[in-house]
Amino acid sequence: MKWLLILVILFGAVDAATSAKHRKHSTKQPTPTPTATASPKSKKASPTPSPTPKSKSKRKKTSPTPTPGESPSATETPSASPAQSPEAGRGKKGWPNVSLSPNAIEGYEKDPPKVQQILDAGLALTKQNLGYTYGSADPANGGMDCSGFIYYLLKQNGFPDVPRDSSQQYVWVRKAGNLYAVLSRKEDSFEFDDLKPGDLLFWRGTYNIDRDPPITHTMIYLGREKRTNKRVMIGSSDGRTYDGKQRWGVSVFDFKMPPPPQSVDAKISPVFVGYARIPGLSED
């Protein structure tokens, strides 16, 4: 009986060991399960960052946008060019130079022959479509500046002593005692009672330059235009007006008093200084 009990106990221990092994084996089996599931997850995770090709395709789509040839701003540049706009077409050549017939000037037939000769030669220059060229005193350059026009015109008509720049032309007439000073800003001032066709006209402050005397602009007085009864002059300018429109070059211009200074800098506030007979001009 004792041996039977021992056998039963031994048999139960073996059975328990077997079942324990079986349980261990069954508990080990779940371990490969996560491994198997993890591998597909890792395989699925690798395609997930595959937006890399998508980002490449995005870059391909965006690359044409910054291309200058295709951008709308590049096509708008020519239209914004001032050379193409109608207003810019008026530029410095927009309003044509003006010429007058001597018969259009009041009292021209009564002027001395030498004055008529000078005015005729000056009006002939206005028909050559000459521009305003700073530093030039020769129409062969395509234009002249204001004092260059006076210098060329008088040289060609028998005045070899005429200086080149407007400041020295002013000194030239002052030394000859021919200047009529004008302080008034009114065009009907008594100070203009002695103004005659062929007189030289002088301004200061038309542009900023350090000169002594500070004369910066000069022209020749033509007389009154029959059509308008307005005083007119002749010369070269970079923006004076005739008939209310700006002209650039050798032309006929309105002779009128400049407005009061708009700037605190007197050097750039045009002021009419006076007029003078051409030294050596015969009035017979």
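Tutor: Happy to! This is a predicted model, and it holds three salt bridges.

Let's start with Arg-164 and Asp-145, whose side chains meet at 3.2 Å, N to O. Arg-164 sits in the loop between helix 7 and helix 8 (166–175), while Asp-145 belongs to the loop between strand 3 (143–144) and helix 7, so this pair ties together parts that are 19 residues apart in sequence. Asp-145 is buried, since its relative accessible area is 5%, whereas Arg-164 counts as partly exposed at 27%. As for helix 7 itself, which spans residues 146–156, its buried residues include Phe-149, Ile-150, Leu-153 and Leu-154. After helix 7 comes Gly-158, with a positive phi near 90°.

Next is the bridge between Asp-199 and Arg-277, with an N to O distance of 2.5 Å. Here Asp-199 lies in the loop between strand 4 (179–181) and strand 5 (200–204), and Arg-277 in the segment after strand 9 (271–276), so the two link parts that are 78 residues apart in sequence. Asp-199 has a relative accessible area of 2%, which makes it buried. Arg-277, at 11%, counts as buried too.

That leaves Glu-225 and Arg-227, whose closest N and O atoms are 3.5 Å apart. Glu-225 is buried at 5% relative accessibility.

Key: Residues are numbered from 1 along each chain as its sequence is written. This is a predicted model: local features need pLDDT of at least 70, side-chain atom pairs count only at pLDDT 80 or more; totals for chains, interfaces and linings use all residues. Side-chain values use heavy atoms; hydrogens and water are left out. Buried means under 20% relative accessible area, exposed over 50%, partly exposed in between (1.4 Å probe, protein chains only). Helices (H or I, at least four residues) and strands (E, at least two) are DSSP runs, numbered from the N terminus. A salt bridge is a side-chain nitrogen of Lys or Arg within 4 Å of a carboxyl oxygen of Asp or Glu.
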